[in-house]
Amino acid sequence: MSDGSPPARAQAGGPRTAGRSAVVVGGGLAGITAALALADAGVRVTLLEGRPRLGGLAFSFRRGELTVDNGQHVYLRCCTAYRWFLDRIEGAALAPLQDRLDVPVVDVARPAGRRLGRLRRDPLPVPLHLGRSLATYPHLSLAERASVGRAALALKKLDLTDPALDTQDFGSWLAAHGQSPRAVEALWDLVGVATLNAVAGDASLGLAAMVFKTGLLSDPGAADIGWAHVPLGELHDRLARKALDSAGVRTEVRTRVTSVSYNENGAWSVQVPGETLSADAVVLAVPQRETHELLPPGALDAPGRLLEIDTAPILNIHVVYDRRVLARPFFSALGTPVQWVFDRTHASGLRAGQYLALSQSAARDEIDTPVADLRERYLPELERLIPATRAAEVQDFFVTRERTATFAPTPGVGRLRPGARTKARGLYLAGAWTATGWPATMEGAVRSGVSAADAALSALGRPRPRHLFEFEEAA
Ligand SMILES: Cc1cc2nc3c(=O)[nH]c(=O)nc-3n(C[C@H](O)[C@H](O)[C@H](O)COP(=O)(O)OP(=O)(O)OC[C@H]3O[C@@H](n4cnc5c(N)ncnc54)[C@H](O)[C@@H]3O)c2cc1C
């Protein structure tokens with residue numbers, strides 16, 4: 001246990017008659033959210049996390065004077081649940097949104113050299129808000145721009161509740177709707193790879209349509225981008241921990257749960273090394289494999305399906321230069337293996353020079369490539385994209401590899417994702433990989449935590465506090 005003391009049975013479970021105690025397993029965004037939501041509704045909650053910190057897949061670590069994020073994370077204005085979470089932990093001001101969507105897109109594939117385009121929105125109703133940006137987007141021909149507009153309108157008409165969408169791949173749908181390989185690369189995959197962690201040909205049409213409809217075709221401001229201006233750990237660990245403490249949640253890190261079982265006396269037993277905690281409800285907010293290991297028999301009809309939910313990697317490449325080389329906070333790239341580049345200087349605490357992080361999604365081909373090879377491949381690419389790097393000295397170059405960054409959003413994944421409720425009374429599931437309707441995102445994780453808490457509250461007979469779920473009305 002983090003403070004050396006074992007988790008006492010009474011603290012975790014409380015008196016058996018109260019019927020209002022819960023253990024949440026997993027301190028990622030899903031687990032933190034479930035714990036906060038349950039505690040805010042008056043449930044006595046213990047949150048158990050195996051690692052030494054909260055935040056799960058979205059965390060920070062120290063490297064010399066730098067505080068490094070394991071991977072660049074962004075969210076969109078349409079991520080109403082994650083925004084609710086930021087408010088709840090009093091972190092919204094530290095992860096602000098752009099006033100208005102503006103993504104610089106640099107293309108270095110053209111013989112004429114670098115060319116800058118922008119994906120921006122105007123203060124106009126949907127879909128006109130993107131009309132001018134698309135009409136002037138220099139990385140597509142006139143015919144391609146017109147066909148993108150037609151495909152967007154066809155996408156808008158798709159019914160997201162139709163399960164057949166999940167059986168098709170997005171790439172085939174785009175091709176059938178007249179999208180050239182260039183249009184896929186310069187527009188659809190530019191957004192889709194970063195949000196889905198898969199190229200169009202590997203992505204479920206259902207998930208892709210959900211992302212594009214919600215982000216680009218719902219509300220004019222839906223795709224405005226937000227990101228943490230501080231290390232992720234400041235939000236998802238320090239501020240989350242503070243919010244949990246003040247909500248009365250008992251949080252234990254370095255506490256790995258080894259089994260979960262139902263007692264004859266009607267309570268759940270949660271086993272951690274050397275101790276057993278008792279609770280009326282348990283939320284498993286761990287990844288799908290760990291969920292499969294911990295699930296008691298009979299809790300799901302087909303538990304083996306959890307193991308069929310594949311994972312997809314994300315690679316981040318970190319480069320520290322001895323001087324300032326980039327004026328923009330971020331940009332996206334075409335005609336190069338580089339996908340997205342973010343300026344991390346201020347957030348990392350670097351005092352001199354500039355620290356850039358390259359976020360490389362759907363990185364199956366490079367996730368195991370040695371650092372020296374990545375250095376040889378990516379530094380020249382950065383010189384093509386950012387001419388000022390040619391004269392700069394590289395002071396540090398390192399990579400972070402997240403092999404199981406997200407679930408793979410492949411066609412058919414929808415039928416594998418379980419909801420929050422299980423067949424075992426008092427046992428609930430959460431995690432970005434559960435059936436949220438969203439791809440594996442911070443938004444999906446928070447939504448899943450709220451769904452699990454909501455299901456547990458109704459079973460515990462606790463009223464559902466309205467303010468906890470306000471983001472649903474805002475959606
Ligand atoms: C590099 C990278 C970049 C990303 N970029 C974005 C982005 O830009 N935007 C976005 O929205 N999303 C992004 N994501 C996805 C996002 O981080 C995840 O979807 C989200 O954080 C998942 O949260 P979770 O709570 O569902 O799961 P997790 O974060 O996996 O949390 C599960 C927790 O359970 C703990 N655990 C597991 N087993 C046990 C056990 N037996 N006992 C106790 N604890 C246990 C784990 O240690 C972990 O802390 C990115 C992810 C990565 C890795």
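In the predicted model, a polar side-chain atom of Arg-256 is placed 3.4 Å from a nitrogen atom of the ligand. A polar backbone atom of Met-442 lies 2.8 Å from an oxygen atom of the ligand, and a backbone N or O atom of Thr-441 is found 3.4 Å from a ligand oxygen atom. On its own, the ligand has 1,000 Å² of accessible area, of which the protein covers 93%.

The shell around the ligand comprises 33 residues, and those that come nearest are Glu-49, Leu-57, His-73, Ala-432 and Met-442. Divided by class, the shell contains 17 nonpolar, 11 polar and five charged residues. At least two shell residues are supplied by each of four elements, namely α2 (29–40), α10 (288–294), β18 (394–407) and α14 (442–460).

Over the whole structure, the search returns one cavity of 30 Å³ or more. The largest cavity holds about 40 Å³ of space. Its lining is formed by His-73, Val-74, Tyr-75, Tyr-82, Ala-95, Gly-226, Trp-227, Ala-228, Leu-232, Leu-235 and Met-442. Two or more of the lining residues come from each of β5 (74–76), β8 (225–227) and α9 (232–246). In terms of class, nine residues of this lining are nonpolar and two are polar, with no charged residue present.

Aromatic ring pairs number 13 in the model. In one of these, the ring centres of Trp-188 and Phe-212 are 5.0 Å apart; the ring planes meet at 65°, over the 60° cut-off, so the arrangement is classed as edge-to-face. Because Trp-188 belongs to helix α7 (residues 181–196) and Phe-212 to helix α8 (residues 205–216), the pair ties together parts that are 24 residues apart in sequence.

Two features of the backbone geometry remain to be described. Most residues other than glycine have a negative phi, and most peptide bonds are trans. The peptide bond from Val-126 to Pro-127, however, is cis, with omega near 0°; Pro-127 is situated in the loop between β7 (115–120) and α4 (131–135). Glu-90, although not a glycine, adopts a positive phi of about 60°. Glu-90 is likewise located in a loop, the one between α3 (80–88) and β6 (102–107).

Technical notes:
Residues are numbered from 1 along each chain as its sequence is written. This is a predicted model: local features need pLDDT of at least 70, side-chain atom pairs count only at pLDDT 80 or more; totals for chains, interfaces and linings use all residues. Side-chain values use heavy atoms; hydrogens and water are left out. A residue is near a molecule or strand if one of its heavy atoms lies within 4 Å of it. A polar contact is a pair of N or O atoms within 3.5 Å; within protein, one must be able to donate a hydrogen and the other to accept it, and residues adjacent in sequence count only if both atoms are side-chain atoms. Accessible areas come from the Shrake-Rupley method with a 1.4 Å probe; for residues, only the protein chains shown count as cover. Ala, Val, Leu, Ile, Met, Phe, Trp, Tyr, Cys and Pro count as nonpolar, Asp, Glu, Lys and Arg as charged, and the others, Gly among them, as polar. On a 1 Å grid over the protein atoms alone, a cavity is a set of points where a 1.4 Å probe fits but cannot get out, and a pocket is an open set with protein on both sides within 12 Å along at least five of seven lines; lining residues have an atom within 4 Å of a point. Grid points are joined across faces, edges and corners, and a volume is the space filled by probe spheres set on the points. Rings of Phe, Tyr and Trp (its six-membered ring) pair if their centres lie within 6.5 Å; planes under 30 degrees apart count as stacked, over 60 as edge-to-face and the rest as tilted.
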